[in-house]
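The following paragraphs lead the reader through one protein model. Please keep the sequence and the structure in view while reading.

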Amino acid sequence: MISIENLVKTFPAAGGVGEVSALRGIDLEVAEGEIFGIVGPSGAGKSTLLRCLNLLERPTSGRIVLRGDDLSQLTGAGLRAARRRIGTVFQQFNLLHARSVRANIEFPLELAGLDRKQRRARADELIELVGLGGKEKAFPSQLSGGQQQRVGIARALASQPDVLLCDEATSALDPTTTDQVLDLLAELNRSIGVTVVLITHELGVLRRICTSAARLADGRIAEAGRILDLVGEPGSVLGDAIVPVGVGPSEGDGADTAVVTTIGDEARGPWLAQLVRKLDADISVDGGRVEQVAGVTVGRLRLRFGPGVSRADVDAFVDAQPNVTLSWGVGAGVDGSSWAGAATGGVVT
Ligand SMILES: Nc1ncnc2c1ncn2[C@@H]1O[C@H](COP(=O)(O)OP(=O)(O)OP(=O)(O)O)[C@@H](O)[C@H]1O
């Protein structure tokens, strides 16, 4: 649905000397109906990418293609029409405080030239959809943060966009409200089929609702893929951050360790007991975690094998298990906290 092709964005540096390369050639595909999370440390280029996607910023070069239409070089009426195909939800809600809930939601429809009756009908439909029935006449200051963000979501959906872009949409909310708003986004994705692209610092957002994710680093895509593939992929920094198992032993201490990842119910069998029996060796568990990721149970264990265990035997055993993968060595299970604070709060810093 969205194809980003070799997207480059440079800004003049502060002081006017030289340039800042915010995006250095981004290639990314977002499929229809996905909830796609974009994460990365501060300064990686997330906001710039989002601003290019919602056409507030013109790329220096490269293309953004939405359902076959190149949006990157549009101007005038074409640009305004294209903007209506992309709804944006903001971290600080960006509501008009002198307007009621209904009038906030009607605002983009006024700009689009819909008459009063059409606007009201559409706004009332959206108010029900986001769970704000009865709050039509309330003003933003009379609403909780979560309710205000529901208005922001309804407003972003008013023009029936192809894509909903969420810019840290839950960062200003408490954890319970965050979960409710995320669940609403997932529900809207299911019920009206809107594709969602969200930028986030929070790994919990990836775990709870995203189907795919990309990690930006220094203006480039460091890795991207389906969340469950990333989690099962040996050495994936994002996978390790989403389901962290803590720091491994230091290099050279002689331990033979591996991180085993199990995905889904099929993988929940007594494989560890079977492995111990098969190898007839000591295995200790150095770390582990079980998480719900995209609605699927994912378990990761850091195992330490006793002397004499053959890696080939372990590999053969794991290969025969459905939905189990293994990554050998001290490098496996990168400490997510160095990149993402995953072990503590799950915040990407
Ligand atoms: N308008 C601008 N003028 C000059 N440099 C800019 C501008 N906007 C962004 N940059 C630079 O581009 C780089 C990427 O910034 P961006 O805000 O996209 O990162 P980010 O990943 O969103 O960071 P954060 O998570 O802190 O918001 C940074 O080096 C930033 O200083």
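Helix H1 is followed by Leu55, whose phi is positive, near 65°. Helices (H or I, at least four residues) and strands (E, at least two) are DSSP runs, numbered from the N terminus. The model is a predicted one, in which local features need pLDDT of at least 70 and side-chain atom pairs count only at pLDDT 80 or more, while totals for chains, interfaces and linings use all residues. Residue numbers start from 1 along each chain as its sequence is written.

Six of the eight residues of H1 are buried, so this helix is largely enclosed by the rest of the structure. A residue is called buried if 20 or more other C-beta atoms lie within 10 Å of its own, exposed if 12 or fewer, and partly exposed in between, with C-beta atoms placed from the backbone. The buried members of H1 are Lys46, Thr48, Leu49, Leu50, Cys52 and Leu53.

Around the ligand stand Phe11, Val20, Ala22, Gly40, Ser42, Gly43, Ala44, Gly45, Lys46, Ser47 and Thr48; a residue is counted as near a molecule or strand if its C-beta atom, placed from the backbone, lies within 6 Å of it. Two or more residues of this shell come from each of strand E2 (19–30) and helix H1 (46–53). The most is given by H1, with three residues. Sorted by class, the shell holds four nonpolar, six polar and one charged residues. Here Ala, Val, Leu, Ile, Met, Phe, Trp, Tyr, Cys and Pro count as nonpolar, Asp, Glu, Lys and Arg as charged, and the others, Gly among them, as polar.

The protein chain has twelve helices and 14 strands, and its C-alpha trace spans about 75 × 55 × 35 Å along the principal axes. Of its 349 residues, 42% are buried. The domain assignment gives domain 1 (2–230) and domain 2 (245–332), with bounds that come from an automatic or database domain assignment. Their centres, taken over C-alpha atoms, are 38 Å apart. Five residues from domain 1 and six residues from domain 2 form the contact; two residues are in contact if their C-beta atoms, placed from the backbone, lie within 7 Å. The UniProt annotation "domain: ABC transporter", from an unreviewed entry, covers residues 2–243; such annotations may be inferred rather than shown by experiment.

In soluble globular proteins, nonpolar side chains tend to be buried together. The largest nonpolar core in this model has 76 residues, and Ala213 and Ile227 have the most contacts inside it. A nonpolar core is a set of buried Ala, Val, Leu, Ile, Met, Phe, Trp, Tyr and Cys residues joined through C-beta atoms within 7 Å. A second, separate core has ten residues, including Ala258, Leu301, Val314 and Val324.

Two further residues deserve attention for their backbone angles. Most residues other than glycine have a negative phi. Asn6, in strand E1 (residues 2–12), has a positive phi of about 45°. Asn6 is partly exposed, with 13 other C-beta atoms within 10 Å. Asp280 has a positive phi near 50°, and lies in the loop between helix H10 (271–279) and strand E12 (283–293). Asp280 is exposed, with 8 other C-beta atoms within 10 Å.
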